[in-house]
Amino acid sequence: MSPARSGGHGIGRRQLLFGGAAAGLGAVAALGIERAVTRPDPQPAAEPVHGGETVPFHGAHQAFLTIAPQAVCALVALDLAASVDRDGVRRMLRLLTDDAARLTQGGAALADTEPELAARPARLTIGFGFGPGLVARVGGPAPAWLAPLPAFSIDRLEDAWSGGDLLLDVAADDPVTVAHAVRMLLKDVRAFGTVRWRQDGFRRARGTEPAGMTMRNLFGQVDGTVNPQPGTADFDEVVWCAEGWLAGGTGFVLRRIRMDLDTWDELDRPARELSVGRRLATGAPLTGTREHDDPDLDAVDALGFPVIPEYAHIRRARGDGRERIYRRGYNYDVPSSGGSVSESGLLFGSYQADITAQFVPMQHRLAELDLLNTWTTPIGSAVFAIPPGCAPGGYIGDTLLEA
Amino acid sequence: MHITGVRRALAALALVTALALAGCAAPSADPAPSAPAAAVAVTDAWVKAAEGGMTAAFATITNDGDADVSLVGVSTEAASMVQLHETVADADGNTSMQEKAGGFRIPAGDARLLEPGGDHIMLMGLTGPLQPGDEVELVLVFDDGAERTVRAPVKEFVGAKEEYSHGADTAGGGAHDGMSGEHDAPGDGHGGHAE
């Protein structure tokens, strides 16, 4: 079967399925002919098109934290210009909120010079975070955790991936949608500041595997098994702040974690599994058979050694039950500038109501001992307050600026 | 300042004539009586940022009514003079903008897009800088007497650079007197209201 014939067949099907005006007698007749010719090849059903799906923008919480993560994201941090005062921040946030409200619903932004690119939102969400500098600039009260993280011995932080006054979190199931939204937002923000860094991330493409599966990182590990799910009471307790202008918002830690694929390659499969405490194939703990089985940290083997080693990542990450976070991670894979052929890693995004109480103790434990540290290095670190969502007519940050 | 007088005159003109009209500085606080029959809506309004001089406003005007209407004037405190401009191409393909005599007609059941490179609302003699994120209140006046007030955000925009057909520079700040002169000469040959 020639590709051309196959394509013609597909068009005929689609016209019939969607009842397009073009699906007249001629198309039906053509389809009949095609069928006669191509009968031996079973045709898959027309692929579902989901570029039109939207996520509501307005609400109690910023939308990106209410849904399963999309396929691609762009995180952009900006430094505010010295001249931008409280009123300037307000003007900027009103513009950006308007852009976000329109783009996420599949509409062009005002003054959008490429409105056609906005027409397929593909679950686009646009979120905003405030760094310590922005909150200080407007004279707002800052939670104690809104500051750079304490230094960890494992850190090799680079300014190029750290800090920032304003965070834009743009995510969708389509990279063209993300590129256009980022461009539109940056055009409106450049009167107020400059881009400090941009970090792009990806997961499996939409439809490659069933929705709801835990992502894999570029070490091949199932990454993020223990994670509260948006929309559950468990998630609400872990993530949302309860008081002040941040009520309905949260604290965000972004860590850019370089993963050394070259040295990881030296590790054979059993050693890789011991370093984390999970099976690579299923993500199941070494003491279980399925991904979500509870690990048995007391189990020992015939020689009396723990089945899940003392240095295993999942043992070290587990705290006293209070130290829980919501992870929304993305892989990165960018051109290498060094001696390695690869420059890859994880945009480790951690959301929690109180960074000091929930994230920092866990990070301290992992910095002290976690075999994964052998192959991973934090090279970027940033902390942002994620304000709550807004109502129609309001804007992201209005709880801070209209207080 | 004869704001009230100018405003009243503007409304009267709107009702009786299709002459090109000037926008004018007007207090936007007092809502003027408007004809309830007009099913016209103004959405997606925005203004190109400018430090001074002149700039342009854009919007979508929708007419859900049974009768055609025309936008015949706009007033705002942000500018001392407002004109309705169309963009035209000359024989060489160069585009320039000129005042649209008779205003912008919106047929019944139709919409008209005011956008860079096309029809737009020209704000001249800005009364102050228009910075990104500011909001400009615009009062759009239609030939049936209806008025619509919108708040248009100001956005940084590098397009919309068409030359004014009478030689004024869009970025200039000192071209007002010349332009007022042009404006004061009605019937400058663009009376083609028929579309």
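A: A residue is called buried if 20 or more other C-beta atoms lie within 10 Å of its own. The model is a predicted one.

Strand 5 of chain A, residues 250-259, runs antiparallel to strand 8 of chain A, and nine bridges join the two. One of the residues involved is A:Gly251, whose bridge partner in strand 8 of chain A is A:Gln352. Strand 7 of chain A, residues 330-334, is also antiparallel to strand 8 of chain A, with five bridges between them. Here A:Val334 has A:Glu343 as its bridge partner in strand 8 of chain A. Strand 6 of chain A consists of residues 326-327 and is joined to strand 8 of chain A by two bridges, again in an antiparallel arrangement. A:Arg327 stands opposite A:Ser350 of strand 8 of chain A.

The strand can now be placed in its chain. The average pLDDT of chain A is 90, and 89% of its residues score at least 70. Residues 1-38 of chain A, however, have a pLDDT below 50, and this stretch makes 24 contacts in the model beyond near neighbours in sequence. Where pLDDT is low, predicted coordinates should not be read in detail.

A:Gln62 lies in the loop between helix 2 (25-38) and strand 1 (72-80) of chain A. It counts as buried because it has 24 C-beta neighbours inside 10 Å. Leaving aside neighbours within four places in sequence, A:Gln62 is in contact with A:Gly127, A:Ile386, A:Gly389 and A:Ile396. A:Pro388 is 326 residues away from A:Gln62 in sequence, yet their C-alpha atoms are 5.8 Å apart.

In soluble globular proteins, nonpolar side chains tend to be buried together. The largest nonpolar core in this model has 119 residues, and B:Ala57, B:Ile121 and B:Leu123 have the most contacts inside it. Strand 1 of chain A gives the largest share of this core, eight residues. A second, separate core has six residues, including A:Val276, A:Ile308, A:Leu371 and A:Leu372.

Finally, chain A touches chain B. The contact takes 12 residues from chain A and 11 residues from chain B. On the side of chain A, helix 3 (86-103) and helix 5 (175-189) are the elements that give two or more residues. Helix 3 of chain A gives the largest share, five residues. By class, this side of chain A has six charged, five nonpolar and one polar residue. Chain B itself has two helices and 11 strands, and 41% of its 195 residues are buried.

Key
Residues numbered from 1 in each chain as written. Chains lettered and ligands numbered in written order. Predicted model: local features only at pLDDT ≥ 70, side-chain atom pairs only at ≥ 80, totals over all residues. Contact = placed C-beta atoms within 7 Å. Helix = DSSP H or I, 4+ residues; strand = E, 2+ residues; numbered from the N terminus. Nonpolar A, V, L, I, M, F, W, Y, C, P; charged D, E, K, R; others polar. pLDDT = per-residue confidence, 0-100. Buried ≥ 20, exposed ≤ 12 C-beta atoms within 10 Å, placed from the backbone. Pairing = 2+ DSSP bridges. Core = buried A, V, L, I, M, F, W, Y, C linked by C-beta atoms within 7 Å.
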